[in-house]
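Subject: Structure handover and notes

Hello,

The structure is below, with notes on what turned up when going through it. Please read the notes with the model open.

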Amino acid sequence: PIPIIKLNNVFRDVYGVFIVTNDIDPLLAMRREMEIGVKLAEMCERLHVKHVIYSAVDFVYRITGNRCSRYDGKGEIEYQMKGMELPLTVLKLPLSYDYLVNTLIPTRQGSDYVFTVLSIVSWILT
């Protein structure tokens, strides 16, 4: 990973920044993901970036009361970003692309192809 301090020079005088954080890496726990996401947002605020786009997902814990570290870290980052002076756009996709192509495989039922949505719900809540 690139140290945040070196990114100050990279982000200086840019118009926009697209931020995607990752908790899939076993070496990058949810707490570390949140730390990095918030530091990036603070840096964008300090450098007066004109437009920040953050790739987020729904904050499962705040919605359902169930913990889901894969989603809750991103939700907490979004919550922190909204409290800052950032020109912020939050982009939320219902599924990650890798989940769609690797796990959500349609089954054929007659002439139709059907996706099983129940597996998504159980995956989110585990």
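Helices (H or I, at least four residues) and strands (E, at least two) are taken here as DSSP runs, numbered from the N terminus. On that basis the protein chain has six helices and five strands. Their order from the N terminus is α-β-α-β-α-α-β-α-β-β-α.

Two remarks on provenance. This is a predicted model, in which local features need pLDDT of at least 70 and side-chain atom pairs count only at pLDDT 80 or more, while totals for chains, interfaces and linings use all residues. Residues are numbered from 1 along each chain as its sequence is written, and side-chain values use heavy atoms, with hydrogens and water left out.

Overall figures

Accessible areas come from the Shrake-Rupley method with a 1.4 Å probe, and for residues only the protein chains shown count as cover. The protein chain exposes about 8600 Å², of which carbon and sulfur atoms supply 59%. A residue is called buried under 20% relative accessible area, exposed over 50%, and partly exposed in between (1.4 Å probe, protein chains only). Of the 126 residues in the protein chain, 32% count as buried. A contact means heavy atoms within 4.5 Å. Taking contacts between residues at least 6 apart in sequence, 67% join residues at least 24 apart.

Nonpolar core

A nonpolar core is a set of buried Ala, Val, Leu, Ile, Met, Phe, Trp, Tyr and Cys residues joined through side-chain atoms within 4.5 Å. In soluble globular proteins, nonpolar side chains tend to be buried together. The largest such core here has 17 residues, and F11, I19, C44, M81 and L86 have the most contacts inside it. At least two of its residues come from each of α1 (4-11), β1 (16-19), α2 (30-46), β2 (51-56) and α4. Helix α2 gives the most, with four residues. Leaving aside residues up to four places away in sequence, F11 touches V17, L40, M43, C44, L47 and V49.

Helix α4

The expected span of a helix is 1.5 Å times one less than its number of residues. For α4 (residues 69-82), with 14 residues, that gives 20 Å, and the end C-alpha atoms are 20 Å apart, which agrees. The buried residues of α4 are Y71, D72, G73, K74, G75, E76, I77, E78 and M81.

With residues up to four places away in sequence not counted, E78 touches Y54, A56, V57, V90 and K92.

Salt bridges

A salt bridge is counted when a side-chain nitrogen of Lys or Arg lies within 4 Å of a carboxyl oxygen of Asp or Glu. Side chains of opposite charge can pair when their charged atoms come close. The rule gives seven salt bridges.

- K82 and E78 meet through their side chains at 2.8 Å, N to O. Being four residues apart in helix α4, K82 and E78 are separated by about one helical turn. K82 has a relative accessible area of 56% and is therefore exposed.
- D58 and K92 form a salt bridge at 3.3 Å, N to O. D58 lies in the loop between β2 and α3 (60-64) and K92 in strand β3 (residues 88-92), so the pair ties together parts that are 34 residues apart in sequence. D58 is partly exposed at 42% relative accessible area, and K92 is partly exposed at 36%.
- R32 and E35 form a salt bridge at 2.6 Å, N to O. R32 and E35 both lie in helix α2, three residues apart, or about one turn. R32 is partly exposed at 38% relative accessibility, as is E35 at 35%.

D58, E78, K82 and K92 are linked in a network of salt bridges.

Positive phi

Which residues other than glycine have a positive phi? D13 is one of them, with phi near 65°. D13 lies in the loop between α1 and β1 and is exposed at 74% relative accessibility. H48 is another, with a positive phi of about 60°. H48 lies in the loop between α2 and β2 and is exposed at 60%.

Regards
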